[in-house]
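Hi there,

Here is the structure I promised to pass on. Have a look at it first, and my notes follow below.

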Amino acid sequence: MDRYRRCFTKINKKNTKNYCRPKVTLKPLQASLPSLSLPFQPNPPSSSKMSSSNDYVPVDSTTLIMDGWFHERGPLWPGQAMSLRVQSVVHHSRSPYQDILIFDSTDHGRVLVLDGVIQVTERDEFAYQEMISHLPLYGHPCPRRVLVIGGGDGGVLREVAKHSCVESITLCEIDSEVIRLSKEHLPQLSVGYGDPRVEVKVMDGNVFMAANPGTFDVIITDSSDPIGPAGVLFETPFYDAMYQALAPGGVVCTQGENFWLHTDLIKPLIDGIKGKYSTVEYANISIPTYPSGGIGFIIGTKGREGDGVRRPKRREEAREVVEGFKYYDHEVHEAAFVLPAFARKAIYGE
Ligand code: SAM
């Protein structure tokens with residue numbers, strides 16, 4: 001089993017019981033805060049004490065709503081949680097793949113949660129959707145055929161559609177319920193489905209790519225975290241499958257977790273693929289409601305020796321920059337690849 005997945009499995013196992021059925025009631029913090037004397041470590045040590053079996057238990061995300069707040073506790077961010085105050089629950093159900101919760105928050109707009117993990121909030125989703133889309137798209141000189149894997153909320157589609165050079169956009173989402181509910185409850189994101197270039201496939205992204213070799217100029221994997229249906233999207237074979245599905249000169253960009261929490265998981269993944277892709281780079285952005293306030297992207301290129309995507313290959317039309325983007329521009333594009341020393345060392349071994 002891929003080390004990356006094994007590590008996630010171990011974390012998943014260690015914390016699953018707390019994660020799925022929170023036992024503690026939230027006491028006033030002052031009373032319970034232990035005096036922390038641990039030396040600061042950017043990453044929780046992946047302890048060998050964690051067992052290796054994977055007994056992922058489906059989540060009922062409504063159990064994470066306590067005292068009028070939603071608390072994002074999770075095995076992938078042990079010992080911390082993002083909490084959002086709940087105004088009202090809009091929808092809650094279980095699809096064949098995951099628990100789906102949509103609620104209105106008091107200060108972050110509408111929120112989509114899958115298996116207890118925040119996917120988007122209306123307040124800051126643009127940061128993620130723009131950067132996971134425009135880093136690879138402006139990192140390619142002329143992207144015509146684009147594949148989005150996951151991305152059922154439609155936010156990435158909305159951003160890809162802003163590129164007039166793109167001729168076709170295929171979305172491959174495993175869960176039709178996410179698509180249906182996003183169209184019904186998240187119009188700010190699902191507007192992307194209205195573009196005539198968009199074709200939707202409801203299936204496993206892995207399976208779809210195997211049937212479409214050498215096809216896409218850009219592949220964007222906007223997946224949930226590696227627990228549940230997205231587990232396969234964080235394994236080396238999946239990156240091999242993306243490579244095969246890329247046309248020569250193509251670029252892949254995937255949700256790459258967080259360098260405060262997961263560098264001992266990100267590094268094996270990058271090490272496992274850098275022999276195949278001509279370049280592999282890690283970019284990072286700020287987004288308040290993702291764990292530790294940020295998220296990264298693993299970006300690989302095919303057949304472009306040494307010519308990664310750190311600098312844009314195209315200058316966007318003035319209209320797109322002025323009207324369409326709230327986070328992305330060319331300076332931000334280049335800055336996203338500048339990592340703090342501890343993260344650069346942990347990810348690249350420099
Ligand atoms: N922006 C969010 C984030 O960073 O966590 C992810 C948004 S999107 C809702 C994630 C989507 O990936 C979900 O709709 C989920 O159903 C989909 N997904 C998970 N595994 C998949 C797979 N193997 N093939 C296709 N889609 C998948």
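**Cysteines and the sheet**

The structure holds 0 disulfides, a disulfide being a pair of cysteine sulfur atoms within 2.5 Å. Cysteine 142 is in none, and its nearest cysteine sulfur, on cysteine 165, sits 5.4 Å away. Cysteine 142 is partly exposed at 28% relative accessible area, while cysteine 253 is buried at 0% (buried is under 20%, exposed over 50%, partly exposed in between, with a 1.4 Å probe and protein chains only).

Before going on: this is a predicted model, where local features need pLDDT of at least 70 and side-chain atom pairs count only at pLDDT 80 or more, while totals for chains, interfaces and linings use all residues. Residues are numbered from 1 along each chain as its sequence is written, and side-chain values use heavy atoms, with hydrogens and water left out.

Now the sheet. Its 7 strands form an open sheet with mixed pairing, in the order E9-E8-E7-E10-E11-E13-E12. Strands are DSSP runs (E, at least two residues), as are helices (H or I, at least four), numbered from the N terminus; two strands pair if DSSP finds at least two bridges between them. At the edges are E9 (198-202) and E12 (279-286), each pairing on one side only. E8 (residues 168-173) runs parallel to E9, joined to it by 5 bridges, and threonine 170 stands opposite glutamate 199 in E9.

Helix H8 (residues 236-245) packs on the sheet, touching E7, E10, E11 and E13 (contact means heavy atoms within 4.5 Å). The direction of H8 makes about 145 degrees with that of E11; axes are lines fitted to C-alpha atoms, for helices over the stretch in contact, with angles from 0 to 180 degrees between N-to-C directions.

Best wishes
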